[in-house]
Amino acid sequence: MRIMVAKKAGFCFGVKRAIDITFNLAKEAKEGVFTYGPLIHNPQVVAELRSKGIDTVNDLSSADIKTLIIRTHGVAPEVYSDTKKMGYNVIDATCPFVKKAQNFTKILRDEGYQVLIIGDERHPEVQGLIGFAGENVIIANDADDMPNVQKKVGIIVQTTQSFETFRKVVLHVIGKAREVKIYNTICDSTVQRVKETRELARKVALMIIVGGKNSANTNQLVKLSAEVCDKVYHIETAGEIDGAWFKEVSKVGISGGASTPQWIIDDAVNRIREISARR
Ligand code: SF4
């Protein structure tokens, strides 16, 4: 069985940076170090951090916090002011590309645009962007479910959003508003990963996507692969791989989300090699 692994599978620049910052802090073994929300959308990495003494908090008023790590997705401006009031030592691991999207959002707000964020309202990155957008903000995750737009609209997009959704929403808005200013803030890492995964999925009989079930960009890879490949499986760990999936399969593709560690991808490859050797 031929196994083809996407070159862009696994940690992106922003996640790698946040992981390095956090694991270096763990080495210093200080007490009271927490991430604000899970550092990345991967339960295995979050569990490893916990074993090294860095836990997750969701409530800023937790009495145990001394140092707070802001994750790649970033936070709204009020969170920075709250942490300052509480006297926490803040380590900001917001991805620089998310920071850029936050800055563009602020520019649109200051220039008097109704800010439209294309993304998932429940996603922490979008929650942070909402905080920069001011009160006149609307969110859309799909061109078929659009809120009303005003005459002057400024568009920003979640860094891991699909280009196709971005394109459809922009076309819709252009047909309704008089003045539209657009910042395409989808990050290059997302664009390349999606492109490569899709091309790989076209070439193989079975595609395995590795990553957290709660990871938006991993779920996007699953969805896009399923459009061009009949057999697509989403796994978090190699233990979920079932030998029965590979009956009459000669080519297998593997890709992973931005928050998937290399060691989990390697485990998956090794598990498929074992299955292949037994055939
Ligand atoms: S996907 Fe892009 S924006 Fe998000 S953390 Fe990775 S590099 Fe940064």
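Me: Which residues does Asn-217 touch, not counting residues up to four places away in sequence?

Reply: Quick ground rules: this is a predicted model in which local features need pLDDT of at least 70 and side-chain atom pairs count only at pLDDT 80 or more, while totals for chains, interfaces and linings use all residues. Numbering starts from 1 along each chain as its sequence is written, and side-chain values use heavy atoms, with hydrogens and water left out. Contact means heavy atoms within 4.5 Å. Leaving out residues up to four places away, Asn-217 touches Thr-160, Arg-193, Gly-257 and Ala-258.

Me: Is Asn-217 buried or exposed?

Reply: Asn-217 sits in helix 8 (residues 216–228); helices (H or I, at least four residues) and strands (E, at least two) are DSSP runs, numbered from the N terminus. Buried means under 20% relative accessible area, exposed over 50%, and partly exposed in between (1.4 Å probe, protein chains only). With 12% relative accessibility, Asn-217 is therefore buried.

Me: What relative accessible area does Ser-255 have?

Reply: Ser-255 belongs to strand 12. Beyond its neighbours within four places in sequence, Ser-255 has contacts including Ala-6, Thr-197, Met-207 and Leu-221. Ser-255 counts as buried, and its relative accessible area is 1%.

Me: Which non-glycine residue has a positive phi of about 60 degrees?

Reply: Most residues other than glycine have a negative phi. The exception here is in the loop between strand 11 (231–235) and strand 12 (251–256), and with 77% relative accessibility it counts as exposed. The residue with that positive phi is Glu-248.

Me: Why does the pair Glu-240 and Lys-213 tie together parts that are apart in sequence, and by how many residues?

Reply: The two form a salt bridge, with the closest N and O atoms 3.0 Å apart; the term takes a side-chain nitrogen of Lys or Arg within 4 Å of a carboxyl oxygen of Asp or Glu. Glu-240 is in the loop between strand 11 and strand 12, and Lys-213 is in the loop between strand 10 (206–210) and helix 8, so the parts they tie together are apart in sequence by 27 residues.

Me: In which helix do Glu-199 and Lys-195 both lie?

Reply: Their side chains meet in a salt bridge (3.7 Å, N to O). They are four residues apart, about one turn of the helix, and both lie in helix 7 (residues 188–203).

Me: How much area do domain 2 and domain 3 bury between them?

Reply: By an automatic or database domain assignment, domain 2 is 13–95 and domain 3 is 97–186. Their contact takes 14 residues from domain 2 and 11 residues from domain 3. Buried area is the accessible area (1.4 Å probe) that two parts lose on being put together, summed over both. Carbon and sulfur atoms hold 63% of it, and the total is about 910 Å².

Me: Which residues in domain 2 lose the most area to domain 3?

Reply: The count between these two domains is one salt bridge. As for area, the residues in question make up together 46% of what the domain 2 side buries, and they are His-73, Pro-77 and Cys-95.

Me: Which residues make a nonpolar surface patch of about 270 Å²?

Reply: Patches use residues with over 30% relative accessible area and no salt bridge, joining like charges within 9 Å and nonpolar side chains (Val, Leu, Ile, Met, Phe, Trp, Tyr) within 5 Å. Areas come from the Shrake-Rupley method with a 1.4 Å probe, and for residues only the protein chains shown count as cover. One member, Ile-182, is partly exposed at 37%. The patch is made by Leu-171, Ile-174 and Ile-182.
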